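The following questions and answers work through a predicted model. Please consult the sequence and the coordinates alongside the text.

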Amino acid sequence: MTTATSPRELAHPARDEIRLEGVLHALSDPMRLRVVRELAAAGSEVACSYIELPVTKSTTTHHFRVLRESGVIRQTYRGTAKMNGLRRDDLEALFPGLLDTVLSAAESQAARLGTTQP
């Protein structure tokens, strides 16, 4: 795990530290999967405030932390905003096709259930 050297720098696992079971755990929660789907749809880094979840701010923070610590997303500060982006390259290198398969399955499920959230 790369450790933070200052309060404005967040710890992220190195590529070789990312584990399948951690990624699958992170993606198994509907709110975290929603975050990942929205990040994938955005196609670039977005601020935390870009993604609205129907949970408290502290719970939202928890979900982002789980995604970061599992290696699914990278968070960086840009001024006062915490920016979030998928670690697509790392996930694809370690688990080819996994992220795209999960995103496709989530899209199919949303269509089947008639939900509109990305």
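The expected span of a helix is 1.5 Å times one less than its number of residues.

Q: What span should the 13 residues of α2 have, and how far apart are its end C-alpha atoms?
A: At 1.5 Å a residue, α2 with its 13 residues should span 18 Å. This expectation agrees with the separation of the end C-alpha atoms of α2, which is 18 Å.

Q: Which residue places a side-chain oxygen at the start of α2?
A: The backbone nitrogen of Met 31 is approached there by a side-chain oxygen. The oxygen comes to within 2.8 Å and belongs to Asp 29.

Q: Which residue follows α2, and what is its phi?
A: The residue after α2 is Gly 43. Its phi is positive, near 75 degrees.

Q: Where do the buried residues of α1 lie around the axis?
A: Helix α1 covers residues 20-27, and its buried residues are Val 23, Ala 26 and Leu 27. Because they cover an arc of only 95 degrees around the axis, they lie on the same side of α1.

Q: Is Asn 84 buried or exposed?
A: Asn 84 is part of strand β3, residues 81-86. Its relative accessible area is 0%, which is under 20%, so Asn 84 is buried.

Q: Which side chain forms a polar contact with that of Asn 84?
A: Asn 84 touches several residues beyond four places away in sequence, among them Leu 39, Phe 64 and Gln 75. A polar contact of 2.7 Å joins its side chain to that of Gln 75.

Technical notes: Residues numbered from 1 in each chain as written. Predicted model: local features only at pLDDT ≥ 70, side-chain atom pairs only at ≥ 80, totals over all residues. Heavy atoms only, no water. Helix = DSSP H or I, 4+ residues; strand = E, 2+ residues; numbered from the N terminus. Buried < 20%, exposed > 50% of the residue type's maximum accessible area, 1.4 Å probe, protein only. Polar contact = N/O pair within 3.5 Å; in protein donor to acceptor, adjacent residues only side chain to side chain. Contact = heavy atoms within 4.5 Å. Arc of directions from axis to C-beta.
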